[in-house]
Structure formats: structure tokens, C-alpha cells
Amino acid sequence: MASSAIETRTSFSTQSLSSSDPVVSVDWLHANLREPDMKVLDASWYMPNEQRNPIQEYQVAHLPGALFFDVDGIVDRTTKLPHMLPSEEAFAAAVSALGIQNNDGLVVYDGKGIFSAARVWWMFRVFGHDRIWVLDGGLPRWRASGYDVESSASSDAILKASAASEAIEKVYLGQTVGPVTFQTKFQPHLVWTIDQVRRNIEEKTHQHIDARSKPRFDGAAPEPRKGIRSGHVPGSKCIPFPQMLDASQTLLPADEIKKRFDEEGISLERPVVTSCGTGVTACVLALGLHRLGKPEVPVYDGSWTEWGEQSDTPVETSS
């Protein structure tokens, strides 16, 4: 066992790691955690009704050396919609404040297994950084494997997380920020706006898949956020994001994922766009599609929170 870990370490470089599969195992990460061009991000985030505090949980236990990436802090400050994608300038400033550079390989994880980590994987790819992977099974799988965690109440990483949030604030206020060490290259084809979704209802260029639960999609269950209508975008299909994962919250093998899409009549030969409640779990669908060899899947960033709160957007329900 030890010798194979040593062999893995000596041959490792994030430069040589394939970006064709979007996840890495906890064993792989454990063997390569100390590599100089590797950074690990804790991107834990929870639904408001779960009443969990990701930064507090990070302070109690995180992977050794992990930075904290604040999904609700590294956002567009000009909208009331939750955790929308920030501008290029704001993202570059925040990521630079975290100490991340373009030549870093990044592994991102969360406290559930695969949940909000997929959102941050997508964000980096939107801004042109492909050398990023999701930790398969996340913190639960890491701990179940017996690997060590760190705790820290006043670590450098907490200061960096605050600095990232401050940097974003400054950009949106038009103030100067510290040195920007991370260069972005925006990939507009990976993110959709409400207007593109509207057009797609008519033009049907993309198959629209919604990652929310079936009762929410059908309009049978109320939305968790107030003032949002129930239902779905006309013509969209429902594949709840947990269908991408097994019981231990790791990404299913490609053939299992393909079966889920086949069952809903989704053709992998045609373009796909994904959405969800607020643009988080739609990225889990994009992660699954990436494993199937479809890396260029756009996410509708505003998702149902934006669509459902408008008075003039068409809504379907399934009675």
C-alpha cells in the first residue's frame, strides 16, 4: 500500500492529470495533497432551511491545508438573486485574495459529498480554469476513509476568505483592489441568461434539464423561497440531481448516469442546458454530463428563483 502511494506521488503533477473526468478519489488526493501546485478548496454550502453554517463547520474540521471558498460571498453584488456568478474582474480579485494562481491544480469539496462543490467547479471553468476537479464523496468520504482533518478558528484561510469577500465588495464599489494574480478568460457558452432560456422554449436548440425534486418541478410542492411560483420552464425535463450519485454521494459510473438520461429521453447527441433552484445543483448534472464526455454544458445561472419570481415568464405544472 505504502509503495503504491509513493509511486503515485513521484509521478504526480496536476499538469498531467486528465480533465476528461471531473472527479478525483479521496485516496488519490490523500497521496498527492502536499504537491506544490495543488490547492484544495472547501466550498461547502447548505440550503437555508438546513440551518448549517459552512464557515463554522470549516473551522471545526476541514481537509489539511484547505482554503474556504464562500459560495454566498464570491457573487454578483448587483442582484438580489442568490449567489449569482460575479463579474470577471470580481472573480479574479477574490480568487487572487485566496492566493490561487492560474498554474494551480484545484480540488474542490463540500460537506455533503457532491453538492455545492460542483458549483465552484463550474464557476472556475466559466472563467477559463479547467484544471479543477471535485473530490468524489467530499468530506464525508474523506473522513470515512480514516484520513485526518484539521481544525482552526483563526487560521490564515479565514483571513483569506474575508479578504476575498472584501475584494469583491471593492470591485463592485469601483475601488482599487490588491494585486490580481489570477487571470480570467470568460467562457460565455457555459452560462445562460433568462433571455436564452426564453428563446430556447421556441427554438428548442437545447434540451433543458431541471435538477430540482420532482414535486417542485411538477408544481406539487411549494418552493423553499417566498414569492416564487411553482412549476417548471415549458418543455424542460426533470432529472433530480441525486440521480447522479450513489448512496455514498459519489458520482455514478458513466453507464449508470447515461441510463438516467436515457430514461428521460435526453439525447447525448444534442446540446443540453441545466437549471435548478438557484444554480447550485444544476452543476451536479453538468458534472455527470462531463463524465459522459459532454464538457460544454451551460448552466442557467438564475435558475428557477429568477424564472419563478417573474410575472411574465411561462410556467408549466404537471397535475
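Reply: Start with leucine 106: its bridge partner in β5 is isoleucine 132. This is a predicted model, where local features need pLDDT of at least 70, side-chain atom pairs count only at pLDDT 80 or more, and totals for chains, interfaces and linings use all residues. Residues are numbered from 1 along each chain as its sequence is written, and side-chain values use heavy atoms, without hydrogens and water.

Me: Which strands pair with β5?
Reply: Strands are DSSP runs of E, at least two residues, and helices are runs of H or I, at least four, numbered from the N terminus. Pairing takes at least two DSSP bridges. Here strand β4 (residues 105-109) pairs with β5 in the parallel sense, over three bridges. Strand β1 (residues 23-24) also runs parallel to β5 (residues 132-135), joined by two bridges. There, valine 23 has valine 134 as its bridge partner.

Me: What unit do β4, helix α5 and β5 make?
Reply: Point the strands away from you; if the path from the first strand over the helix to the second runs clockwise, the crossover is right-handed. β4, α5 (residues 117-126) and β5 form a right-handed β-α-β unit.

Me: At what angle do the axes of α10 and α11 cross?
Reply: Axes are lines fitted to C-alpha atoms over the stretch in contact, with angles from 0 to 180 degrees between N-to-C directions. The axes of α10 (residues 254-263) and α11 (residues 282-291) cross at roughly 120° and come within 9 Å. So α10 is oblique to α11: under 35 degrees is roughly parallel, over 145 roughly antiparallel, 65 to 115 roughly perpendicular, and the rest oblique.
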